[in-house]
Amino acid sequence: MMQNRVLVEVLQQSIEASSSSSSSSSERFYNWLLECHGFWHNAFLIIASFLFVLYLALQAKQSYLKLSHGRSYIIISYYLSLWFVTLLNLLWCSSQAWECSSGKVMAWNLLSLFTTSGMLFLEVSLLAFLLQGNNASGLEALTRTFGISGIIVGFDILLKAIYLFAFGIPFFIDSNDGTQHMKWNLWVVHKLLLTAVYGCIWFMYHSRWRERLPARPAFYKYVTIMFIFNAIALFACGLAGNGAAFGLWLYSVTVVCYHAFYLPLLYITFLADFFQEEDLHLENVYYSEMKDAGFFEADWD
């Protein structure tokens, strides 16, 4: 009888432990998916980032064959960087609950810092390559492009790290707290600089200097999209800095759109043609697009 009673108690304890473990797991899943920003916000970010990772994975074999055959330093480096940042962005999108967890504040700030810096590195690298014109190729162009990007992004990381760890400003935690004027002032400057750069490039496409830019209509569309996007983000940061709830909501929308759509846009703009073309010598294709876009009309006149 004593042995049976002990056995029953052990079974009861194991059942209680398993039930508490399952309830704890379900609670963690609930917090991960539903807490903080809500279900639709978190699900949209996770699904969008996961689908792009899945697309890159399905294209990996074909991409590897073309990269090994093409031997372009810029394309290879950019493709590998895109893979790294895409996986980092997937981790960021899957960890939204950290923003509202008091024990995860440091982890969330570090993850946000490195994720946004990685995306900024890709963004600046594309602009640096774009502004070098049609002669940008080879190892020298790669070194120059990544060198410029590294300096700019390194300064950006240093400035944000000072805000985060020296001043204790919650740079990556959004709220309508009116005391965060320093945070929103820095975001305003950040978005203002990006808007100005994209605006200048957009102006070049409509001026006599457009022949200095790569003859790619895709670049022009990319610049137009990013100019409008950063102008909206700048407006949202200005409103949020003045305590407007609509500004904070609009800024959150721009953050979601940036993390969900920017990396696919980057891929379509810079890498898609390289991987989709059967002929890896794309100069003739670029020349045809340039002619269709009217870049040589002045020469015929």
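**Reading confidence, cavities and a buried helix**

Modeller: The mean pLDDT of the protein is 79, with 75% of its residues at 70 or more; pLDDT is the predictor's confidence in each residue, from 0 to 100. This is a predicted model, in which local features need pLDDT of at least 70 and side-chain atom pairs count only at pLDDT 80 or more, while totals for chains, interfaces and linings use all residues. Residues are numbered from 1 along each chain as its sequence is written, and side-chain values use heavy atoms, leaving out hydrogens and water.

Biologist: Where is confidence lowest, and where is it highest?

Modeller: Where pLDDT is low, the predicted coordinates should not be read in detail. Here, the lowest confidence is in helix α11 (residues 297–300), with a mean of 49, and the highest is in helix α2 (residues 39–58), at 93. Helices are DSSP runs (H or I, at least four residues), numbered from the N terminus. Residues 15–23 stay under 50 and have zero contacts beyond four places in sequence, a contact being heavy atoms within 4.5 Å. Residues 278–283 are also below 50, but that stretch has eight contacts in the model beyond near neighbours in sequence.

Biologist: How many cavities does a search of the whole structure find?

Modeller: A cavity is a set of points on a 1 Å grid over the protein atoms alone, where a 1.4 Å probe fits but cannot get out; lining residues have an atom within 4 Å of a point. The search finds four cavities of 30 Å³ or more. About 390 Å³ lies in the largest cavity, a volume being the space filled by probe spheres set on the points, which are joined across faces, edges and corners.

Biologist: Which residues lie nearest the centre of the largest cavity?

Modeller: T116, W187, Y251, V255 and H259, out of 27 lining residues. Two or more lining residues come from each of α5 (105–131), α7 (181–205), α8 (217–241) and α9 (245–276), and α9 gives the most, with seven.

Biologist: Is α5 largely enclosed or open?

Modeller: Buried means under 20% relative accessible area, exposed over 50%, and partly exposed in between (1.4 Å probe, protein chains only). Of the 27 residues of α5, 21 are buried, so the helix is largely enclosed by the rest of the structure.

Biologist: And L164: buried or exposed?

Modeller: L164, in helix α6 (residues 138–166), counts as buried because its relative accessibility is 8%. Beyond its neighbours within four places in sequence, L164 contacts N109, I169, F171 and F172. N109 is 55 residues away along the chain, with its C-alpha 7.8 Å from that of L164.

Key: On a 1 Å grid over the protein atoms alone, a cavity is a set of points where a 1.4 Å probe fits but cannot get out, and a pocket is an open set with protein on both sides within 12 Å along at least five of seven lines; lining residues have an atom within 4 Å of a point.
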